[in-house]
Amino acid sequence: TKYVYFFGSGKAEGTAQMKDLLGGKGANLAEMTSIGLPVPPGFTISTEACAFYSTHKENYPEGLREEVLEHLARLENLMGAKLGDTNNPLLVSVRSGAAQSMPGMMDTILNLGLTPDSVQGLIKKTNNERFAWDSYRRFMQMFGDVVMGVPHHEFERALQDVKDTRGIELDTDLDSKDLQEVIARYQRLYKRFTGEDFPTDPIDQLFKAINAVFKSWNNERAIKYRQMNDIRGLLGTAVNIQSMVFGNMGETSGTGVAFTRDPSTGENQFYGEYLMNAQGEDVVAGIRTPLSIETLKEVNRKVYDQLVDIRGILEKHYKDMQDIEFTIQEGNLYMLQTRNGKRTIFSWLRSQVEMVEEGLIDKETAVSRVPSGEFGKLFAPILDAKYIRDNSLEAITRGLNASPGGACGQIYFTAEKAEEMAAEGKSVILVRTETSPEDIGGMGVAKGVITCRGGMTSHAAVVARGMGCPCVSGAGEIKINEPKRFLEVNGTTLSEGDFISLDGFTGEIYGAKIPVKDSEIVQVLNGSMKESESILYRDYKAFMGFVQDLKVLGVYTNADTPHDTQMAVAFGAEGIGLCRTEHMFFGGDRIMSIRKMILANNTVEREKALAELLPMQRSDFEEIFLALDGRPATIRLLDPPLHEFLPNDHTSRHELALQMGITVEEVAQKSSALHEFNPMLGFRGCRLAIIYPEILRMQVRAIIEAAINVKRKGVEVLPEIMIPLVGNYKEFVFTKNHALEVIEEIFSEQSLKVPYKIGTMIEVPRAAITADEIAKEAEFFSFGTNDLTQLTCGFSRDDAASFLGAYVNDPDKQFYEYDPFATLDVDGVGKLVEMAVKLGRSANPDITLGICGEHGGDPKTIAFCNKIGLDYVSCSPFRVPIARLAAAQAVI
Ligand code: ADP
Ligand code: MG
Ligand code: MG
């Protein structure tokens with residue numbers, strides 16, 4: 001096997017495609033060399049060598065050492081210099097680099113090859129004594145620290161001692177004599193910590209450094225980094241050995257980093273920083289303030305123009321924004337690294353759209369690159385950064401950036417209080433130790449949510465993300481005193497009603513009132529900003545055009561209100577995949593009517609209560625149909641167990657009793673009669689409609705009458721009536737027949753017909769298993785994967801938290817690759833879905849198939865839905881654009 005790949009003077013054995021073998025850095029050094037850019041020559045030891053080393057007790061594969069030495073000789077030949085030479089020494093850097101960039105790995109060693117002999121050679125060669133000694137002491141420090149683990153601060157202290165005895169402030173004021181003194185101290189320090197002398201054999205130095213890079217692949221930091229970033233299946237790191245160029249040889253030398261476009265906005269503008277007379281990472285280290293790349297024009301016009309040329313060459317070649325490192329040695333430019341630039345989602349969007357416009361890439365490429373996981377950030381409101389700067393505001397604490405967006409409002413510590421104050425028109429920030437399902441109402445009205453406990457997948461985080469509500473979770477420094485209604489954090493006390501601001505992009509929390517702005521995209525969509533005023537919107541619109549052209553899957557929304565429907569349609573929803581009618585029953589008089597319906601003693605009483613509900617439901621549906629403007633609306637009939645609607649508190653029970661002319665005791669009795677041990681498997685779903693068909697009949701009437709009314713206004717309608725929790729096709733036939741009867745009744749009453757469909761949720765495993773029988777009767781299936789997951793896996797959605805985290809995350813378990821309630825469990829539940837799709841289509845080729853569980857907005861699940869040929873996915877309004885993007889990416 002070949003383990004070492006050479007690059008230098010226009011030729012390279014590797015290419016950019018060989019990242020797995022040469023690492024990103026090595027592959028791109030080879031590529032840049034091949035396309036004629038000025039890259040200091042060198043060679044790359046492959047990741048296969050690292051893999052061998054890790055799995056063979058730190059031994060080399062046969063021939064590796066010889067291969068390295070051969071390539072070193074070749075490099076020495078090319079450079080006309082020799083490692084360790086007393087007249088013309090070659091110096092090299094030793095750099096790690098895996099297929100994916102990994103900050104957890106080894107730091108780079110510069111100036112390797114310096115010894116007491118070769119430093120004399122460097123002095124002769126450069127005629128710069130100070131530079132030579134400084135390079136030597138930098139090398140000793142890096143080698144000691146990185147290869148041998150001598151504490152960095154010990155070197156710093158030795159350096160400081162010399163500066164102190166000489167009464168000097170800056171490193172640059174040390175002269176050759178001082179530096180030799182520093183080196184003497186470094187030698188003693190090295191010996192004290194390692195028990196060895198600092199190696200004076202350059203070959204020994206080289207192999208020690210190579211081994212250190214190999215070992216760094218499995219250091220704690222690196223392992224942790226791979227875990228956290230879900231990096232799997234890599235062989236190891238490559239090692240790059242590259243001849244040194246020096247940015248620290250005086251004022252005509254320098255070093256810098258740059259992006260070919262702006263990494264925060266994506267604007268097509270060269271963006272970078274540099275420092276003259278500096279080496280390596282001085283620019284990023286922040287020792288001196290670097291200058292903007294523009295000013296290099298004045299320092300060295302030739303080099304600046306050359307860099308601008310290279311910027312263009314690299315973008316044309318790689319067809320993406322590049323992040324580069326360069327060094328100028330005595331007026332000559334050298335390229336030391338290029339890679340695809342990391343950037344914000346805003347920069348992703350703009351750079352990709354403009355690259356398509358420039359003809360650099362096609363829209364498939366653009367769509368495939370933009371990370372769907374970050375896409376939602378485009379729509380989040382933002383804290384006014386200028387205001388923060390102008391007022392020098394500092395965060396009082398920080399937590400996890402659980403749900404993106406900026407929010408500002410007044411602090412309330414309970415969901416009830418939050419709802420109450422929001423109703424009074426206050427901007428509310430809900431601050432809780434943690435949230436639970438009872439807090440949903442409060443979260444719904446809050447501008448933002450802060451919790452002291454809980455991670456990125458805590459209740460607060462998940463719900464907030466789903467609602468597009470900014471959230472900082474796990475802000476552990478905050479101590480809440482709920483009874484006394486104040487919080488304390490790092491010496492600041494804030495009381496109920498005080499202003500607080502949070503940044504869900506960063507996790508920062510401010511004890512101040514900071515203006516918040518809607519995302520420009522949202523502003524344009526809701527008409528508060530002109531389209532022509534927003535570059536972000538222009539890019540968004542263009543990009544979604546690419547997405548729309550590519551995707552096959554339909555994207556619908558889960559929406560229960562006209563407002564949600566409007567937002568979803570503006571985001572490109574092609575219909576409603578799930579309208580949960582029970583959400584319409586809360587609030588105002590409605591809850592009273594439904595309670596009366598539940599407590600009714602007989603059909604007559606029940607129908608009376610239902611008659612009160614009919615006009616309210618009908619007008620809701622009318623508004624939703626209007627907002628949909630002809631798009632289909634899948635409306636699910638009443639699903640939850642009835643006791644969820646009944647009041648627990650005395651006041652409400654009293655009021656109910658009064659209205660119904662019964663006693664409070666009777667209300668309490670009825671409530672407890674409805675009590676179930678396992679309500680999720682109890683009297684709910686189509687079972688309600690089967691025992692009380694009048695409920696179904698009222699709902700169907702409301703839907704169809706609303707449709708007719710809207711049609712009379714000249715707007716197309718397409719209602720789809722969905723029966724929940726069917727497990728046996730006979731349940732479906734029974735309920736469908738009732739629905740059909742009502743519909744025919746209305747059609748003749750109104751002498752007007754509307755198109756409609758009747759179908760079912762597939763959420764009980766038995767329904768999936770017998771999908772062919774059901775499909776003969778149903779016009780559509782919608783996979784309700786929340787219930788289907790809980791019933792298939794036997795995990796209660798509400799109780800699984802105690803063990804599911806371990807099931808997914810503990811390294812010795814990982815029974816499920818992802819949380820099965822967030823990403824569809826493809827191997828289990830997915831198999832059931834796939835089977836039901838096949839059975840359903842075989843029995844009824846015209847059947848429409850969709851998914852409406854939480855999973856419908858998850859990119860990995862969407863890829864699966866695309867693969868098994870569903871017609872659409874449905875998700876919450878704010879996830880619609882993300883789902884559209886994921887659907888397009890699934891096709892590419
Ligand atoms: P990282 O992966 O942390 O970016 P690098 O291997 O890119 O580490 O190197 C760290 C710094 O050293 C960078 O600024 C790089 O440009 C510089 N550097 C690396 N090799 C050389 C070299 N042969 N000559 C001059 N500078 C170098
Ligand atoms: Mg680098
Ligand atoms: Mg369900």
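**Exercise 1: a helix and its buried side**

Start with helix α34, residues 829-843: its 15 residues reach 21 Å from the first C-alpha to the last, close to the 21 Å expected at 1.5 Å a residue. Keep in mind that this is a predicted model. Now work out which residues of α34 are buried, and where they sit when you look down its axis.

*Solution.* First, pick out the buried residues, counting a residue as buried if 20 or more other C-beta atoms lie within 10 Å of its own. That gives V829, G830, L832, V833, A836, V837 and G840. Next, look down the axis of α34: these buried residues fall within an arc of 155°, so they line one face of the helix.

**Exercise 2: two strands**

Find out in which sense β30 and β31 pair, and over how many bridges.

*Solution.* Begin with β31, which covers residues 757-762 and has five of its six residues buried. Then trace β30, residues 718-723: β30 and β31 run parallel and are paired over four bridges.

**Exercise 3: the ligand's place**

Work out which domains ligand 1 lies between.

*Solution.* Start with the shell: 14 residues surround ligand 1, and the closest are S93, R95, T108, G280 and L336. Sorted by class, the shell has five nonpolar, six polar and three charged residues. Strands β6, β12 and β13 each supply at least two of the shell's residues. Finally, check the domains: domain 1 (4-243) and domain 2 (254-358) both contribute to the shell, so ligand 1 lies between them.

Definitions and conventions
Residues numbered from 1 in each chain as written. Chains lettered and ligands numbered in written order. Predicted model: local features only at pLDDT ≥ 70, side-chain atom pairs only at ≥ 80, totals over all residues. Near = placed C-beta within 6 Å. Nonpolar A, V, L, I, M, F, W, Y, C, P; charged D, E, K, R; others polar. Domains from an automatic or database assignment. Expected span 1.5 Å × (residues − 1). Buried ≥ 20, exposed ≤ 12 C-beta atoms within 10 Å, placed from the backbone. Arc of directions from axis to C-beta. Pairing = 2+ DSSP bridges.
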